[in-house]
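Visitor: Before we talk terms, could you show me the model? I would like to ask what each word rests on.

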Amino acid sequence: MSRSEELFERAKSVLPGGVNSPVRAFRAVGGTPFFVAGAKGARLIDADGKSYLDYVCSWGPLILGHAHPAVLDAIRAAAERGWTYGAPCEAEVELAELVRCRMPAVEMVRFVNSGTEATMAAVRLARAATRRDAVLKFEGCYHGHADSFLVKAGSGVATLGLPDSPGVPAALAGLTVTLPFNDGAAVEALFQRRGDTLAAVIVEPYVGNCGFIAPEPGFHAALRGLCDQHGALLIFDEVMTGFRVAAGGAQERLRVRPDLTTLGKIVGGGMPVGAYGGRADLMRLVAPEGPVYQAGTLAGNPVAMAAGLATLRQTERPGFYETLERRTARLVAGIGDAARRHAVPMTAGHAGSLWGSYFTAGPVRNFAEAKRSDTALFARWHRAALGRGVFLAPSAFEAGFVSSAHTDADIDYTIAQLDAALGEALAD
Ligand SMILES: *Cc1c(COP(=O)(O)O)cnc(C)c1O
């Protein structure tokens with residue numbers, strides 16, 4: 001028995017499924033998850049000493065790769081000064097200013113501890129501001145695990161093929177309306193029918209939680225127009241895309257100004273941070289300035305703020321996003337070539353360093369089309385890739401991430417390994 005297998009056996013008796021987040025259990029691809037002993041740059045080392053090129057990057061936060069020296073120094077220096085105060089500190093102001101500078105639509109921001117908290121609070125604020133209760137989300141989009149969002153959700157819910165979660169009161173789920181992503185006509189029809197009941201439209205501007213799906217031209221502009229026309233708020237859930245698909249997130253790339261933005265992942269540089277922000281008139285409704293309550297014992301944690309600041313500052317280096325995007329484009333093209341060589345239908349894409357591929361001829365414009373992909377082939381490919389030292393997200397319905405620690409040589413090596421792994425998967 002390997003050390004990882006041993007640990008997984010122990011874990012299963014004390015942690016549900018042996019993990020603290022469902023997709024980590026490898027249920028969709030089979031086999032035992034490896035347990036991590038350490039990580040540096042683009043690589044993870046497991047408990048048995050095997051090394052992997054990591055395209056999961058902690059599911060998005062690690063745009064600089066693991067244990068980046070500048071972030072490590074910042075964390076160390078912050079921890080030396082104490083790691084939680086329960087009183088404000090300068091780093092919170094600095095990170096808030098930096099976020100506003102990168103995303104001008106985020107005029108004011110509140111830090112929380114996770115993406116889930118951010119979306120939960122943003123929807124509460126939208127409901128309070130509009131005095132309406134209904135929320136529109138899109139099938140396959142994941143906005144964290146709060147009750148309102150576990151309706152046709154992506155990420156682990158999609159991976160495990162779960163129906164909407166038990167434990168969510170029907171009365172609450174009934175306030176969440178879902179439509180297919182990229183279907184502007186359906187959104188327009190919904191607004192015609194009940195636009196005056198909708199508090200907000202929440203959307204992953206580029207979907208990254210049921211694989212990778214790009215928006216069709218004009219989709220978000222249409223959402224913006226309908227929200228304005230009917231007095232609903234547009235919430236961009238940029239927990240994954242923020243500081244990932246561009247320096248200013250998807251809103252910069254798509255040139256759409258949301259009313260509220262939710263952040264997480266990169267904003268904390270791998271520490272537990274989330275944030276929600278947007279129009280100042282809306283954010284001034286949040287307590288203590290306004291009546292909408294939301295609080296956090298560890299919110300604005302000085303060590304977490306330091307990690308976020310150090311991470312974002314590194315991304316300000318000239319050419320940072322251009323280099324990442326070029327490397328990601330090369331990876332995606334290489335995987336596409338491999339699929340063609342093996343005569344396997346594939347649809348692949350990326351925005352910045354967020355990427356994904358489906359084993360289907362496509363097009364993939366929404367979750368229903370994503371589900372047409374060959375998940376059994378994906379599982380075999382995943383296993384073969386892992387054997388060859390390449391760690392892809394253990395689900396056909398999760399996106400991939402490239403970090404600035406991934407070199408051109410890493411990318412070329414990865415393409416060769418994934419090509420060979422596809423051959424193995426097909427022979428399997
Ligand atoms: C990861 C993610 C979340 C949830 O963030 P957590 O920190 O896991 O709670 C919400 N929305 C999107 C788009 C995400 O990718």
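Guide: Let's start at proline 363, which sits in the loop between β12 and α13 (367–370). Helices (H or I, at least four residues) and strands (E, at least two) are DSSP runs, numbered from the N terminus. This is a predicted model, in which local features need pLDDT of at least 70 and side-chain atom pairs count only at pLDDT 80 or more, while totals for chains, interfaces and linings use all residues. Residues are numbered from 1 along each chain as its sequence is written, and side-chain values use heavy atoms, with hydrogens and water left out.

Visitor: What kind of peptide bond joins glycine 362 and proline 363?

Guide: A cis one, with omega at about 0 degrees. The bond from alanine 287 to proline 288 is cis too, with omega near 10 degrees, and proline 288 belongs to the loop between α10 (280–283) and α11. As a general point, most peptide bonds are trans.

Visitor: Why does serine 353 count as buried?

Guide: Buried means under 20% relative accessible area, exposed over 50%, and partly exposed in between (1.4 Å probe, protein chains only). Serine 353 has 1% relative accessibility, so it counts as buried. Its place is the loop between β11 (347–351) and β12 (354–358).

Visitor: And why does arginine 255 count as exposed?

Guide: Its relative accessibility is 78%, so arginine 255 counts as exposed. This residue lies in the loop between α9 and β9 (260–263), and its phi is near 55 degrees, a positive value in a residue other than glycine.

Visitor: Why does arginine 102 count as buried?

Guide: Arginine 102 is at 12% relative accessibility, and therefore counts as buried. It is part of helix α3.

Visitor: What makes the pairing of serine 353 with arginine 244 a polar contact?

Guide: A polar contact is a pair of N or O atoms within 3.5 Å; within protein, one must be able to donate a hydrogen and the other to accept it, and residues adjacent in sequence count only if both atoms are side-chain atoms. The two side chains make such a contact at 2.9 Å.

Visitor: How do you know how much of α11 is covered?

Guide: By counting: 12 of its 13 residues are buried. Their cover includes α2 (69–80), α3 (90–102), β4 (108–112) and α12 (320–341). The helix, residues 302–314, reaches 18 Å from its first C-alpha to its last, close to the 18 Å expected at 1.5 Å a residue; the expected span is 1.5 Å times one less than the number of residues.

Visitor: What caps the N-terminal end of α11?

Guide: Asparagine 301 does, with a side-chain oxygen 3.0 Å from the backbone nitrogen of valine 303.

Visitor: Which residues are around the ligand?

Guide: Among them are Ser114, Gly115, Thr116, Tyr142 and Lys265; near means that a heavy atom of the residue lies within 4 Å. An N or O atom in the side chain of threonine 116 is 2.6 Å from a ligand oxygen, and a backbone N or O atom of glycine 115 lies 2.8 Å from an oxygen of the ligand. The protein covers 83% of the 380 Å² of accessible area that the ligand has on its own, with areas from the Shrake-Rupley method and a 1.4 Å probe; for residues, only the protein chains shown count as cover.

Conventions:
Contact means heavy atoms within 4.5 Å.
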